[in-house]
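Reader: Hi! Could you walk me through this one in plain words?

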Amino acid sequence: MKKNKILNLFSPVLGLLLLIFTGCSEEFVETQPTASVTSEAVFSSYNNTNIFLNGIYGRIGGDFWFGYDPQSNWSDDSMTTFGWVTSRNAIARRDYSTSNAPVGNGTWTNSYGNIRRTNLLINGVLEAPEGTYSEEEKNHLIGQAKFLRAYFYFNLAKSFGGVPLIDKVLSRTSGEDIAFPRSSYEETIDFIVKDCMDAAQLLPEFWSNDGSTRASKGAALALKADAELFSERWGDCVQTCQDIFSLGYGIVEDYESLFRPKTEDNEEVIFDIEFNESRAHDAEVFLSPRVDPLTGVAAGWGHLLPTQQLVDAYEFKDGSEGDDPAHADDPYTGRDNRFYASILYDNSDWRGGKIFTRFDPTVQQGTFSNSFDENHTHQGTLTGYYFKKYLDPEVVPSETTYYGKSVGTTNAIIYRYAEILLMYAEAKNELSGPDGTVYEAVNRLRERGGLMPLSGLSQSEMREKIRNERRVELAFEGDKRYWDIIRWKIGGEVLNQSKQGMRIEEEPDGSLVHKRVDAFGGEMRFNEPRDYLFPIPEQAIEVNPKLEQNPNW
């Protein structure tokens, strides 16, 4: 049952969202609709401070999952129907500069604004009069703030590398120098890891009422393991994953149920962003097939179209690879269970009807259809597929009924236990090769997918299998695939090509011909090694000359 929590009822107002080297001499929070209180009032009780903390949680957002251009589209896994979005322009072309990068000054400023909020909370709790909080309340508040600070810093580190590390409240009126140089990448990861370690020691293993929507010990350790994996600290990552293994999380047998509102609160989810009727998202409109199969209404935007590259990653249950020519005439029978839970393909059942994505020569320009669209004439699928994974099959979106009204209540999962198994398998394999524990971790997920277990692989062969398992297990879950491409340094290989689709044509005798094609608007470019980091925003360097630019920018 959905928990009726509102994480963003109150939002902190800390002046303007300024760069890290600016600050405010006074901080306050604004309540709805117009009343404001001083920072002393915010830190005068656990309830008030918790409201302030909820506002920071609310700033994690969910657009990278549920917006009109989810970050999965930055990778080779998916694309949008319409061409005006960031993923099909700046990201696909890589033609941005230091002044207009898609991860630029807005990301930099907002991230440091959020980090400032966590510093305000930590400082306010520590300086509150004795007796304001119980020891447990103090620990929980500081632990969550440190988790959130590490989360925001990790996003900065993935995007920019080493960044200035601010662990206190800065003020322009203090007289101290508030322009900080960049710390090294290793120092930045060290900072993130320490915050996660501190948070894990302060937080409960599980929250009794808030489930996985508040940072727990498991969430802090999951973030720590993620940072260690990203920075190739294999031994540390293995140990952190083992610490998580002892916390009691498990694998849900029904993969699809992980992404359904009625069953998403379960033993596998470690940390997620809560959505409900009071705080809903727009995935049901932005990501649904263009035409609802039952009503015929132009229901969705189709802004998460799976590519053929992703479909080829889903193996067949007979042990064949996903692109095995032996299955060319019948490519959608006998696939990994996760394929059917994640992707709508030609002749799929969906919301009481059928999704047909085959090419239809009778569809005229200006009409709406789900059929394959080779040049964007009828807003159909450009890849031959539609997204399914975390759409609610009980919701029927419609531009007429729901346009401008958020109705999506599926949570955005940031960390779940399956990913911890994959983190462990990857780190352990890189550390010492594929021992029995590596096989056990990977095969547990393959078993859920209905696939044959792995055995007898070399370290390099296991590496490729683990990477593929991450791709299919975590497909469309925010920005996972994009950052995997970045940390594996395979951008030059997989992002310098066109995204592909499947054009299906029906012959006069009723048989179907399947042909892999380049998707319209699917061209990608990647400048290696420059594009493994975004440029430090030009605006930030203008204000703080201590910031050094990233290489090749």
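Author: Happy to! The model is predicted: local features need pLDDT of at least 70, side-chain atom pairs count only at pLDDT 80 or more, and totals for chains, interfaces and linings use all residues. Numbering starts from 1 along each chain as its sequence is written, and side-chain values use heavy atoms, leaving out hydrogens and water.

Reader: Got it. How much space is in the second largest pocket?

Author: About 440 Å³. A pocket is an open set of points on a 1 Å grid over the protein atoms alone, where a 1.4 Å probe fits, with protein on both sides within 12 Å along at least five of seven lines; lining residues have an atom within 4 Å of a point. Points are joined across faces, edges and corners, and the volume is the space filled by probe spheres set on them.

Reader: What volume does the largest pocket have?

Author: About 1200 Å³. It is lined by 48 residues, and the closest to its centre are Ile60, Asp63, Phe64, Gln71 and Asp479. Two or more lining residues come from each of α3 (63-66), α5 (105-127), α6 (135-160), α8, β11 (412-416) and α16. The most come from α6, with seven residues.

Reader: How does that lining divide by class?

Author: Into 21 nonpolar, 14 polar and 13 charged residues.

Reader: Where does the largest pocket lie?

Author: Domain 1 and domain 2 both give residues to the lining of the largest pocket, so it lies between them.

Reader: Switching topic: how many of the residues of α8 are buried?

Author: α8 is mostly covered, with 13 of its 14 residues buried. Buried means under 20% relative accessible area, exposed over 50%, and partly exposed in between (1.4 Å probe, protein chains only). After α8 comes Glu232, with a positive phi near 60°.

Reader: Where is Glu232 found?

Author: In the loop between α8 and α9 (234-245). Glu232 has that positive phi although it is not a glycine. It is partly exposed, with a relative accessible area of 48%.

Reader: What about phi of Phe476?

Author: It is also a positive value in a residue other than glycine, near 70°. Phe476 sits in the loop between α15 (459-473) and α16 (480-488), and it is buried, with a relative accessible area of 2%.

Reader: Last one: which residues does a cis peptide bond join?

Author: Glu528 and Pro529, with omega about 5°. You can find Pro529 in the loop between β13 (512-523) and α18 (538-543).

Key. Helix = DSSP H or I, 4+ residues; strand = E, 2+ residues; numbered from the N terminus. Nonpolar A, V, L, I, M, F, W, Y, C, P; charged D, E, K, R; others polar. Domains from an automatic or database assignment.
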